[in-house]
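Open the model in your viewer and keep the sequence panel beside it. This tour tells you what to select at each stop and what you will find there.

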Amino acid sequence: GSFDLSKQILVGWDAPATYGPKESIISTNSGGTYGALGGTYADLHLGSVIKRKDGTLLAIPFEVIDPSSSALTSYAFEYYTSANNGSTWTKSTNGLVTFPQGTWWMKFHRGMFQGGNGTLYAAGYGVYSADGTDWRSMLFQSTDNGINWTLHSTINPAGAAVAEPNTGYSEVTVAMCANGDMLAVYREGHI
């Protein structure tokens with residue numbers, strides 16, 4: 001058989017500094033070979049990426065949003081867009097995620113998809129100030145192509161029974177199934 005070797009594949013991973021580097025790589029031949037991303041943001045680590053319905057890519061790094069020692073209801077974050085399938089990226093710093101209550105910190109995690117009405121959904125987790133130190137897994141939504149995000153739902157609340165107390169559930173990823181249902185998968189405790 002023959003294969004289309006013109007497909008471009010972007011791969012990114014994040015890890016705490018103690019586990020290794022954050023890195024993103026690209027293949028322009030359907031995964032035959034991989035190399036470093038080029039352009040201005042060659043060191044961009046792709047936490048969660050989606051090809052939006054308009055054909056552009058949106059990438060949100062897997063970063064702790066923790067700008068202060070106070071619980072806040074909104075946090076600014078940076079995101080990246082690409083109009084040429086990831087060959088080059090544009091950094092934006094006007095992203096905003098808003099919570100229904102004070103939050104100590106949060107991270108966007110793997111899993112971003114676009115619903116039929118154009119709404120973007122992204123997985124994340126964080127700590128509400130009322131939750132003490134327990135994480136909660138959440139699903140965020142954006143109706144403006146990924147600039148502003150609000151809480152869509154709580155996937156798993158803080159304080160749920162877990163094998164490792166005082167951590168809760170974290171690092172959730174979400175996907176939309178063929179039948180339109182949403183699937184969430186998360187890990188419990190530390191690795």
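Select Ser82. Is this residue buried or exposed? Ser82 has a relative accessibility of 2%, and the cut-off for buried is under 20%, so Ser82 counts as buried. Keep in mind that this is a predicted model.

Stay on Ser82 and colour its strand. Ser82 sits in strand β7, which covers residues 72–82. Now show what surrounds it. Leaving aside residues up to four places away in sequence, Ser82 touches Thr56, Leu57, Ser87, Thr88 and Trp89. Zoom in on Thr88. Its backbone oxygen is 2.8 Å from a polar atom of the Ser82 side chain.

**Next stop: a charged pair**

What do Lys91 and Glu78 form? They form a salt bridge, with the closest N and O atoms 3.4 Å apart. The pair links distant parts of the chain: Lys91 is in strand β8 (residues 90–114), Glu78 is in strand β7, and they are 13 residues apart. The count for the model comes to one salt bridge. Side chains of opposite charge can pair when their charged atoms come close.

Lys91 has a relative accessible area of 35%, so Lys91 is partly exposed. Glu78 has 33%, so Glu78 is partly exposed too.

**Next stop: the rings**

How many aromatic pairs does the count come to? The count is nine. Select Phe99 and Phe140 to see an edge-to-face pair: 5.7 Å centre to centre, with 90° between the planes. This pair also links distant parts of the chain, with Phe99 in strand β8 and Phe140 in strand β10, 41 residues apart. Both Phe99 and Phe140 are buried.

**Last stop: strand β10**

Select residues 136–142, which make up strand β10. Six of its seven residues are buried, so the strand is mostly covered.

Which strands pair with it? Strand β9 (residues 120–128) pairs with β10 in the antiparallel sense over seven bridges. Pick Leu120 to find its bridge partner in β10, Ser142. Strand β11 (residues 148–156) pairs with β10 in the antiparallel sense over five bridges. Here Phe140 returns: its bridge partner in β11 is Leu151.

Finish at the turn. β10 and β11 form a hairpin with five residues between them. Click Asn145 in that turn: its phi is positive, about 70°.

Technical notes. Residues are numbered from 1 along each chain as its sequence is written. This is a predicted model: local features need pLDDT of at least 70, side-chain atom pairs count only at pLDDT 80 or more; totals for chains, interfaces and linings use all residues. Side-chain values use heavy atoms; hydrogens and water are left out. Helices (H or I, at least four residues) and strands (E, at least two) are DSSP runs, numbered from the N terminus. Buried means under 20% relative accessible area, exposed over 50%, partly exposed in between (1.4 Å probe, protein chains only). A polar contact is a pair of N or O atoms within 3.5 Å; within protein, one must be able to donate a hydrogen and the other to accept it, and residues adjacent in sequence count only if both atoms are side-chain atoms. Contact means heavy atoms within 4.5 Å. Two strands pair if DSSP finds at least two bridges between them. A salt bridge is a side-chain nitrogen of Lys or Arg within 4 Å of a carboxyl oxygen of Asp or Glu. Rings of Phe, Tyr and Trp (its six-membered ring) pair if their centres lie within 6.5 Å; planes under 30 degrees apart count as stacked, over 60 as edge-to-face and the rest as tilted.
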